Amino acid sequence: MKTVVSGIRSTGNLHLGNYFGALRNFIKMQHENRCFFFIADYHSLTTHPDPALLHVNVKNVLSEYLGSGLDPEVATIYIQSDVPEVAELYLLLNMHTYVGELERTASFKEKIRKHPDNVNAGLLTYPVLMAADILLHRADYVPVGKDQEQHLEMTRRFARRFNNIYGVEYFPESMPYNFGQELVKVPGLDGSGKMGKSEGNGIFLIDSDADIRKKVMRAVTDEGPKEPNSPMSEPVQNIFTILKIVSSPDTVDYFTEKYNTCEIRYGDLKKQLAEDIIKTVAPIRERILEIRSDDAFLAKVVKDGKEKARASADKTVAEVREIMGFKPF
């Protein structure tokens, strides 16, 4: 059985891209591997979060993890800040990490370009904290998107460096996990790119039916095909991509034919898409709201997850300290 580690920042609600891109696979994967799923509240501190919202966001993401189908009886689900060992391993890994390699990270360059007023040390060492999350449980595999591939490569580099410096074969070189298939990329409703939290182009698992209909009806399209079998513009392709994910093949075939014969009515397409999204999201939303209101259940999940995560983490940190030469008198 392989060890798999995955985390999500506690900065917002989960959307369709999260669900179809990874969560559905997590639900299957948790029964086949030793899985650790954590909510990365330390990572969220790089963006000056509102302290009044930090706990609220953690609770929301935890409820959405559980409502989507992650089982705390099968997988270890925990909050990053509940496991202090991650901070110690982060510190120890930083001692063998070079400033130059961190400054060359693509995500760091992008962040300082977008937020030049908030170039903090946590942002610079973000890949080291991510590596600590992964190496804390000596993960064999890590589900990552394209935007995190460089960070995972850095985690492998840090693992190799530690092993080489101390002459051990302790940390595995964690590999990306793609569930044995090409990952689903859910586009946003703004006509380009992928669905994201900060882009304002997403449909969230917690959205009401009315919000879903409103968002879909505002989705970007074009003026329609000028002649039969015209290639689709990117915004229209995006609509059809989401349609293929949530709708029946008959529905997809119907609107594809309407497009190819220049009879497409985007209003009808959007109405159908909205209703099919609602069929997918509504049952999940109901479970999320039920779980969110059950404080006793959430407290038990967090307590049990903390205990299981710390048992794994404490073993790793103790062994790392010994390897590095920290010994009791």
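**View 1. Helix H12 and its length.** At 1.5 Å a residue, the 12 residues of H12 (residues 249-260) should span 16 Å, and the C-alpha atoms at its ends lie 16 Å apart, which agrees. The expected span is 1.5 Å times one less than the number of residues; helices are DSSP runs (H or I, at least four residues) numbered from the N terminus. The model is predicted: local features need pLDDT of at least 70 and side-chain atom pairs count only at pLDDT 80 or more, whereas totals for chains, interfaces and linings use all residues. Residues are numbered from 1 along each chain as its sequence is written, and side-chain values use heavy atoms, with hydrogens and water left out.

View 2. Thr251, Val252, Phe255 and Tyr259 of H12 are buried (under 20% relative accessible area, 1.4 Å probe, protein chains only). Seen down the helix axis, the buried residues fall within an arc of 100°, so they line one face of H12; the arc is that of the directions from the axis to the C-beta atoms. The face turned away from the buried side carries Pro249, Asp250 and Glu257, which are exposed (over 50%).

**View 3. Surroundings of H12.** Helix H11 (234-246) and helix H13 (266-292) pack against the buried residues of H12. Cys262, which follows H12, has a positive phi, near 60°.

**View 4. Lining of the second largest pocket.** Among the lining residues are Asp41, His55, Lys59, Ile79 and Asp295. Helix H3 (51-68) and helix H14 (295-324) each supply at least two lining residues, and H3 gives the largest share, five residues.

Technical notes:
Contact = heavy atoms within 4.5 Å. 1 Å grid on protein atoms, 1.4 Å probe; cavity = no way out; pocket = protein on both sides within 12 Å on 5 of 7 lines; lining within 4 Å.
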